[in-house]
Amino acid sequence: MASPSQQLPPGWTAEWDPASQRYLFIQASTGRSQWEIPTPPAQPIDHAPSVSPPPSTTHHGRRRQYAAGQTQAYYGAGDALGDQYGALGVPQQQQPAATTQLFTPGLAAEGGFAGQQQGPQASYYAPQQEPQYINAPGFGQEPTYHPPNAPIHHLTDQFGQMGMGQKPLHLTTTNLLTSPPDPRELVRPPPEIRLPANACITTSPYANADPSYQRCTVNAIPTTSSMLNKSKIPLGLVITPYRTLKEGEPPVPVVTDTVIARCRRCRTYINPYVQFIDNGNRWRCCMCSMSNEVPQLFDWDQIRNQPGDRWARDELNHSVVEFVAPTEYMVRPPQPAVYVILIDVSHTAVQSGMVATATRTILENLDRIPNEDERTKVAIIAYDISLYFFSMPPGTTESTMLVVSDVDDVFLPKPTDLLINLTEARQSLESLLGRINDMFQDNHTVGSAMGPALQAGFKLMAPIGGKIMVLASSLPNIGAGSLKNREDLKILGTSKESGLLQAASPFYKTFAIECSRAQVSVDMFLFSAAYQDVASLACLPHYTSGQTYFYPAFNAARSEDAIKFAHEFGEVLAMPIMLEAVMRVRASKGLRMASFHGNFFVRSTDLLAMPAVPTDQSYAIEIQIEDTLTQPFVVMQTAVLHTTCHGERRIRVITLALPTTSSLTEVFASADQVAITTLLANKAVERSLTHKLEDARDAVHQRLVEILSSYKSSMTSAAISENLRMLPVLVLGLLKNVGIRQSAQIPPDLRAYAQALLTTLPSQTLIPYIHPTFFSLHNMAPEAGTVGEQGVILPTPLPLTSERLERHGLYLIEDGQTIFLWIGRDAVPQLVMDVFNLPNYEVLRGGKTTLPVLDNDFSQRVNAIIQKTREMRRGVYYPHLYVVKEDGEPPLRLWALSCLIQDRADVLPSYQQFIGQLKDKVNGANNY
């Protein structure tokens, strides 16, 4: 795609945004950015809705055209437009510009909301351009988003207090009542970090942490605690220390010479924000100002055995760096990676196909299990009401099954050959995996001794540590950790419901802490069709830095279920885990790490123990300002000491530097709405467990009211800064998320699993889980679904409201865990044929499906969009695809519609009502 720079008015530049696959236009003088191509000032924007022009007869070469008669069958002859899959066949003369009323959030007129619902095609974009009828002039262009009509307040006069030399952030106020949420805002980077001149000793673009590794809720730190309290913005860090690298992303540089320079007082690692003094012989710590000696070998190139260039060292140019650790960082020599897999072989597990799918997946992924040093060890333990160990002597293809029926006093039936070297005993392991399903094919035993199986796996690996993977198809009910079905429909939606989200047995927390001490991590894969007490079982991953995966009503006879589990389990097996890890976050004097959220065990006040750190797991830390910050900038540094799965002790260091400010304007202008939402999600889940679900919802809602009230009182405007304009809709999405939503219909297992996701997903995956993505496919732009410079081009996301659903349309709604293809009841037969290979809408079945790839352009583009949706985010998740018919099964339809969070649902407000409630509370709080 050619750059549009040549067509821009003076003072504007165009930057390609890879996340949204399009150009972002920036005005150099003000820093203001927008998606639409700017027009010269002399040409005023026409805010009047326009009438659609008559359809053109020109056709786009890439698009398949359909006979007008097919559309006429649904919309009547004479007025049918020649669009691709049918459009609203409303005669043009019925839509004069003077009377067309488009939907505007917060419309104050009495009955205005209901009146707008009756309009022919309501829209969140108030100054609507012509509808995107296919073949009409201008079709395929992005819908233009005009700025709100409310006055824009440039509050630059309040920046005078800063006096730090850096260019102040530009603050633009937006009126929430007249400015609807634009989903494209969520892929924008956070507000720019503007450090003082000479804060950094390098000009490297990698000197400050990328937000995907570490981001703060504000990118300018208030100098005092009172100012932070006045802003009401929570101060915290969101950290994803081991995120996966996509193709083309630079790898984390590794410092291999074991020369590690650290501050003698606060133990900070040297980074791009220190100062060299005394002719370069000493360096001053950027956190505590201590003067430290530069190590003797710091300027020596050990590879070439000659003097090296200090300024080329990675730790002085990169904010994210990994050091190979010398022996003083080791309590013991690096241990091999150990995987103990516990497989439920009870009647339910075998009949569902879980055992066959799991064993086949392990077999197919043996080469992907990390084993570079050929030291990796593996054990398989099967269980129902007894335990089944498998002895696999190296060098043979034979394996022997040893049964332990006494589950009250678990012991290992053999001292050797149960935990085997993956390389040496490969043949016997492959043979065993091919036979396990047949061994238990006729097993009619019902029951689960999961607790004893965990104890057995722990005994097997406790001297080394590693990862236990539990595959369970039913509620554990035998031996240690046995649980009872406590699902009580009468208490759902009441104040007692939070009790169902806490562990029912102390075994799971005490055993998890034992595991943490022994460097053992636990992953849970849960498959039950009935109640399985996910809340109790998820305790194990929570305290051992593992992860919970949930496949309710799993049935491998449905290929979609088998493919999803096999993909996710295979990715977990192949994941390069970090073993025996401890994490600590240090910060400049005056800042303190106050509370921690995520899957780990807090070993001391600020040391987080993580037996095996998975990739793409996120952690949130709240920060307190204890003393007035006198420095022009502060530094926060995360250090993770770990053993790689190929036996090397390393330290990953992530450094983030942020300016300080005494201006409340600067604090608001630098706030990161994505990081704030991530922190609020973690805090909400924790509060729902320590208090009640209602308390968690109230706390989140109240925090948003306080932020808006503070903005109003400080900035003299009943609105919010442009960089926070998506915060209300994100908070609404969080309040409507299954994890904390007000409802008496959500099974406790689904709620507990949603809470596990809310506290572990990295921001890139969490935001769509809270604020789903919504695409219109039947009239998407010609390039959508084709391959561009940055991969497959996605359609423009729509606001999350059912007002955008048309009866003839095809839409995609997805939240990173599930993909819905919504099809309207008046979809023309050609659309159904092109996408589903079926003659018409009536024979199409809703539900879980695999979309065929057909020999037509539209099918291939839709499949490409679905594939990109599944692959573009970090994590192992492989979302199911559901076809949802407009008049299909009500539960499935309601599930899909619940993703459209700007609509009213049950007792939960629509976005417009929510903004109205916020306005009333803010006005009440300010005594207006």
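Analyst: A salt bridge is taken here as a side-chain nitrogen of Lys or Arg within 4 Å of a carboxyl oxygen of Asp or Glu. The model is a predicted one, in which local features need pLDDT of at least 70 and side-chain atom pairs count only at pLDDT 80 or more, while totals for chains, interfaces and linings use all residues. Residues are numbered from 1 along each chain as its sequence is written, and side-chain values use heavy atoms, with hydrogens and water left out.

Across the whole structure, 38 salt bridges are found, and Glu185, Arg188, Glu722 and Arg725 are joined by such bridges into a network. Arginine 332 pairs with glutamate 580, their closest N and O atoms lying 3.1 Å apart. This pair connects distant parts of the chain, 248 residues apart, with arginine 332 in the loop between β14 (320-324) and β15 (338-344) and glutamate 580 in strand β23 (residues 578-587); strands are DSSP runs of E with at least two residues, numbered from the N terminus. Arginine 332 is partly exposed at 27% relative accessibility, whereas glutamate 580 is buried at 12%, where buried means under 20% relative accessible area, exposed over 50% and partly exposed in between, with a 1.4 Å probe and protein chains only.

In a further salt bridge, with 2.7 Å from N to O, arginine 558 meets aspartate 561; arginine 558 is partly exposed at 32%, and aspartate 561 is buried at 3%. Glutamate 192 and arginine 194 also meet through their side chains, at 3.1 Å from N to O, and here glutamate 192 is the partly exposed partner at 48%, while arginine 194 is buried at 15%.

Note on methods
Helix = DSSP H or I, 4+ residues; strand = E, 2+ residues; numbered from the N terminus.
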